[in-house]
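Please read this briefing alongside the sequence and the structure shown below.

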Amino acid sequence: MNHSSPFGITRRNLLLGSAGLAGSAVLTGCVGAGAGPAAQPSTGTGGGTPAEVAREVVLQSNMQDAGPRQALADVIGGVSDFDVTINTVATSQFRAQLPTYLTSNQAPDVLTWYAGSVTNSFAEEGLLYDVSELWESGNASGFSDALKDLSTYDGRQYFVPTNYYWWALFHRTSSFEEWGVSAVETWDEFMGLLDNLQTRGVAPLTTGLANNAWMAAAWFDYLDLRVNGADFHRELLAGQHSFNSDEVRAVMARYAEILPYFHPDSLSWDPQQAAAPIARNEAAMYLVGTFATAYWPEDQQSDLDFFSVPTIDPSIPSAEEAPTDGFMVAANARNPEGGKAVADYLASAAAQQEFIEKAVSPNLPTHPDVDTAGFSPLIQKGLELLNGTDQITQFFNRDSNDELQGTADTALMRFINAPGDVDVILADWQTAAEQVFSQ
Amino acid sequence: MSTSAPPATAAAPGEGRRPRRSRLGRRVPPVVWFFLLVPLAVELFWVFWPALNSFWLSTTTWGGVGVAEPVGTANYERLLADPIFRTALWNNVLWVFGFGGLSVVGGLALAVALNQPRRFVGVYRTVIFLPMVISMAVTGLFWRIVYAPGGPVNNTLELVGLGHLQQQWLANPDTALGAVLVAAVWRQVGYIMVLYLAGLKGCDPSLEEAAAVDGANAWQRFWRVVMPQLAGVNTVIFAITVIDSLRTFDIVWVMTRGGPFNQSQLLSTYMFEQAFSYVNLGYASAIAVVIFALAILFIITYVARQARAEEDDL
């Protein structure tokens, strides 16, 4: 008996099989190819009378965390003129699918997103509905000039910001009291504080750099804001300066100063795990956005406090990172006017107040009429911080794009692993950044 | 003793009466052609068309919005100059040999060891196969805990006095890929074992007995008598292993996301990052085409050689 093909493999089958393999290996192309400008809508029946269509509004949301998600649903429950359907999608998927949503013939009417360059790039493609009217006579008319600036592309507004949050060095009040230390304002005091904590056997700083190490960019952003200022930082992220420059080298020199003070396990933690050693009093401070307060246990919430990253050069105007969230309306929506009306409702003082009270993480309102007196002391202090600062940026990826963020993650992680190779790392970073900007 | 009297010959008389040639020559009714055309159309639409699209996309630059711009071979030129792509390609080569080699050697050794009738052998087989029923993503999460700074691996090293070997396995660029590889092999080895066990069950024990009577030692019996009978299984395992190693994505994505600084990036994770994090669909398609070419290269060379060897045997 020969041992011929118990599995039936012949050359002919093989060729057919390999052709099939071609399909599975490159199937990703099909996803994109189907979403071209000529693509037919994949969902939606297109039915309904004009009156029904005018009542229906689809809200595509990336608020996947339980608190904000429920808060948004509650706020939307107050809309009476429209039947609003909320589709919640995980942020990473939302981000990847966003171009597809917006180019679809029946795009969702109103979508959650981030203010700034990431929204403007869609406005540039003509995919967003002009909401300037809301800034002239709607709820957004009372928003600050800084917010209006952030929402404007080519003289028109395409974004309605509804809340924002801030980044700072978070710590526990009781731990600082126990160690006999307090918040500092200058870099020398800060280095002294780090030394002091380390000699007590406490890890002065934590962060979460496992998996995608985007957290490493928080310190880069802040050190650049403190060393070179917000204007330089924005221009750097827009490709107008080189990462391989003396200015950025000065930033990395400061970064190198603080590297020895990080808890060594920060490399293996995700952003959530990095809060745990502070909860256990084994570490002191964490430079993070307010969303992270949810990572600490319930009974420590009132114990949390923060201070701003200390000043390095007093001649540089102060700046803070305050990522701004809000809503945009799709140009291809079935009911863009309805979407605009819902965005206007969400921007109202009452809706913002309700959202911030119900969402667990501390958010700040964009509407000046929101009564902040009832908000927690932490939020009050956050408002004070942002009102007192000269300039506001958002975050590395929001001020540039996700691909440039990828080059930052690579460069900063290499730097954290081998701070001595800074020259090579910055040269490579600039090469990678040029590739991103050339597209 | 041997109960496997060749079934082929037993079935032959009844089957043999029907003249084979005439059946092949008989006209196929149109309705059969129709039924064949339906799956062909489905296959063309769902498999070949997207595949061709991907080849086309790889010669364009497209951000998912608007019209794709043709750029000729620019994406492939960019690949050649891209240090992350080079790292990913090299990692993928390491991965094919590491993942394929370790799981095949381990699976074969376990299959041979557990092919003998012993007490609790069923329990062992089940336990070794068990990881296979867990999804790659869950395997990755589980091993992340195993490799955590205060996790079982580091604690065990401390316990046996090898504390100086403790490290952050997934955060250290020198160990990250290897650490993920171990987790992937841990899951794959049971699968390969089961395939080899099935192959070993199909081997004719009388041949081995005859070789033993002729004075062949265990080593010779295994390589000269058993292995040739496993040729068919080997072909299947080779194909499965190469395909599995080239499409490995989830476990790396869950455990390291290609990090730290792209040192554990594979072609598949890099393709995903380019396509869905950065929405460079043209460039990502070029990476997909490279993956496809690699898979075809491996599989065609090996399986075509196997097929020729089998045809020569006939």
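In chain B, 36% of the 314 residues are buried, where a buried residue has 20 or more other C-beta atoms within 10 Å of its own, an exposed one 12 or fewer, and a partly exposed one a number in between, with C-beta atoms placed from the backbone. This is a predicted model, in which local features need pLDDT of at least 70 and side-chain atom pairs count only at pLDDT 80 or more, while totals for chains, interfaces and linings use all residues. Residues are numbered from 1 along each chain as its sequence is written, and chains are lettered from A and ligands numbered from 1 in the order in which they are written.

**Chain B overall**

- The secondary structure of chain B consists of 15 helices and two strands, which are DSSP runs numbered from the N terminus (helices H or I with at least four residues, strands E with at least two).
- Chain B has a radius of gyration of 25 Å, whereas a compact globule of 314 residues would have one near 20 Å; the radius is taken over C-alpha atoms, and the globule rule is 2.2 Å times the number of residues to the power 0.38.
- Along the principal axes, the C-alpha atoms of chain B fill a box of roughly 70 × 65 × 30 Å.
- B:V133 is found in the loop between α6 (121-129) and α7 (136-146) of chain B, and B:V133 counts as exposed because it has 10 C-beta neighbours inside 10 Å.
- The C-alpha atom of B:V133 is separated by 34 Å from that of B:E208, which is 75 residues away along the chain.

**The sheet in chain A**

- In chain A, six strands form an open sheet of mixed pairing in the order β2-β1-β3-β12-β6-β13, and two strands count as paired if DSSP finds at least two bridges between them.
- The edge strands, each pairing on one side only, are β2 (83-88) and β13 (364-365) of chain A.
- Strand β3 (residues 110-114) of chain A runs antiparallel to strand β12 (residues 324-329) of chain A and is joined to it by five bridges; A:Y114 stands opposite A:D325, and A:T112 stands opposite A:F327.
- Strand β1 (residues 56-61) of chain A runs parallel to β3(A), with two bridges joining them, and A:L59 has A:V110 as its bridge partner in β3(A).
- In a regular strand the side chains alternate between the two faces of the sheet.
- Both faces of β3(A) are covered, with A:V110, A:T112 and A:Y114 buried on one side and A:L111 and A:W113 buried on the other.

**Helix packing around α19 of chain A**

- Helix α19 (residues 402-417) and helix α20 (residues 422-437) of chain A pack at about 170° with their axes 9 Å apart, where axes are lines fitted to C-alpha atoms, for helices over the stretch in contact, and angles run from 0 to 180 degrees between N-to-C directions.
- α19(A) is therefore roughly antiparallel to α20(A), since angles under 35 degrees count as roughly parallel, over 145 as roughly antiparallel, 65 to 115 as roughly perpendicular and the rest as oblique.
- The contact of α19(A) with α20(A) has nine nonpolar, one polar and three charged residues, with Ala, Val, Leu, Ile, Met, Phe, Trp, Tyr, Cys and Pro counted as nonpolar, Asp, Glu, Lys and Arg as charged, and the others, Gly among them, as polar.
- The axes of helix α11 (residues 216-227) of chain A and α19(A) come within 9 Å and cross at roughly 90°, which makes α11(A) roughly perpendicular to α19(A).
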